[in-house]
Amino acid sequence: MSVPEGAGDPITEPEVLYRPRGRGRMVWLNGDVYTVKIGGGESRGAMALVEASVPPGGGPPLHTHDVEDEAFYVVDGELEIYAGERTFHARAGDFVFIPRGTVHGFRNTGTHPARQLLIFTPGGYEHFFSEAGRPVVAGQPAPPRDPADDARVNAVGEKYGSVQLQFADGTAFDEGARERSGTGQGGRT
């Protein structure tokens, strides 16, 4: 699926961009905080970079991207990153590249918040976060994932070529997800 016409920022000549720590479009989604550092409209469509702050136990459900490749760079903490049939126990400094079309997800398996950079090529997927997430309220913690919101988040994901894989019990990715999905690789339900 392609990005809907008119959904992206107008593509302009790129300029040097400086975005300080703690700045960028910030949203809550699935109990995590996502901060868009650069999007497709600012990079001539080349990429999007999103910083994710993930609490212990946090992370999205398994999902796919039809349009973008995605890469993860762990800055702080520990994340279990699932890609296809492989699971990586990633720590600060680790990098994982996931080609488009690959079922993937991540979960904070540590006892402290984790922080990572999500790199999407080409740009445009940053609009998913803006539309699916809720604006951050300064000084407030991110609300936990609300299973009642799954259908809306799934619809936004499909708009941007991503299928959010939800399970019958409404839980996000965890170690038992592949077994519950019946495919051994978190197949679509």
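The model is predicted, so local features need pLDDT of at least 70, side-chain atom pairs count only at pLDDT 80 or more, and totals for chains, interfaces and linings use all residues. Residues are numbered from 1 along each chain as its sequence is written, and side-chain values use heavy atoms, with hydrogens and water left out.

**Nonpolar cores**

- The largest nonpolar core has 27 residues; such a core is a set of buried Ala, Val, Leu, Ile, Met, Phe, Trp, Tyr and Cys residues joined through side-chain atoms within 4.5 Å.
- Here, buried means under 20% relative accessible area, exposed over 50%, and partly exposed in between (1.4 Å probe, protein chains only).
- Tyr 34, Ile 81, Phe 106, Leu 118, Phe 128 and Phe 129 touch the most other members of this core.
- Strand 3 (residues 48–54) gives the largest share of the core, four residues; strands (E, at least two residues) and helices (H or I, at least four) are DSSP runs, numbered from the N terminus.
- A second, separate core holds five residues, including Leu 62, Val 103, Val 163 and Leu 165.

- Leaving aside residues up to four places away in sequence, Phe 128 touches Leu 29, Gly 133, Val 153, Val 156, Gly 157, Tyr 160 and Gln 164, where contact means heavy atoms within 4.5 Å.
- Phe 120 sits in strand 10 (residues 114–121) and is buried, with a relative accessible area of 1%.
- Among the residues that Phe 120 touches, not counting those up to four places away in sequence, are Ala 46, Met 47, Val 50, His 65, Tyr 125 and Phe 129.
- Phe 120 and Val 67 are 53 residues apart along the chain, with 9.4 Å between their C-alpha atoms.

- Tyr 73, Phe 95 and Phe 97 make a nonpolar surface patch of about 330 Å², with accessible areas from the Shrake-Rupley method (1.4 Å probe; for residues, only the protein chains shown count as cover).
- Patches are made of residues with over 30% relative accessible area and no salt bridge, where like charges are joined within 9 Å and nonpolar side chains (Val, Leu, Ile, Met, Phe, Trp, Tyr) within 5 Å.
- Phe 97, in strand 8 (residues 95–98), counts as partly exposed at 47% relative accessibility.

**Helix 2**

- Asp 150, Val 153, Asn 154, Val 156 and Gly 157 are the buried residues of helix 2 (residues 150–159).
- They lie on the same side of helix 2 because they cover an arc of only 165° around the axis, taken from the directions from the helix axis to the C-beta atoms.
- The packing partners of these buried residues are strand 1 (25–29), helix 1 (126–132) and strand 12 (162–164).
- Gly 161, with a positive phi near 75°, follows helix 2.

**Salt bridges**

- The structure holds 10 salt bridges, each a side-chain nitrogen of Lys or Arg within 4 Å of a carboxyl oxygen of Asp or Glu.
- Arg 19 and Glu 42 meet in one of them (3.2 Å, N to O); the pair links distant parts of the chain, 23 residues apart.
- Arg 115 and Asp 76 form another, their closest N and O atoms 3.0 Å apart; Arg 115 counts as buried at 18% relative accessibility, whereas Asp 76 counts as partly exposed at 35%.
- Glu 51 joins Asp 76 and Arg 115 in a network of salt bridges.
- Arg 107 pairs with Glu 80 at 3.9 Å between the closest N and O atoms, and both residues are buried.
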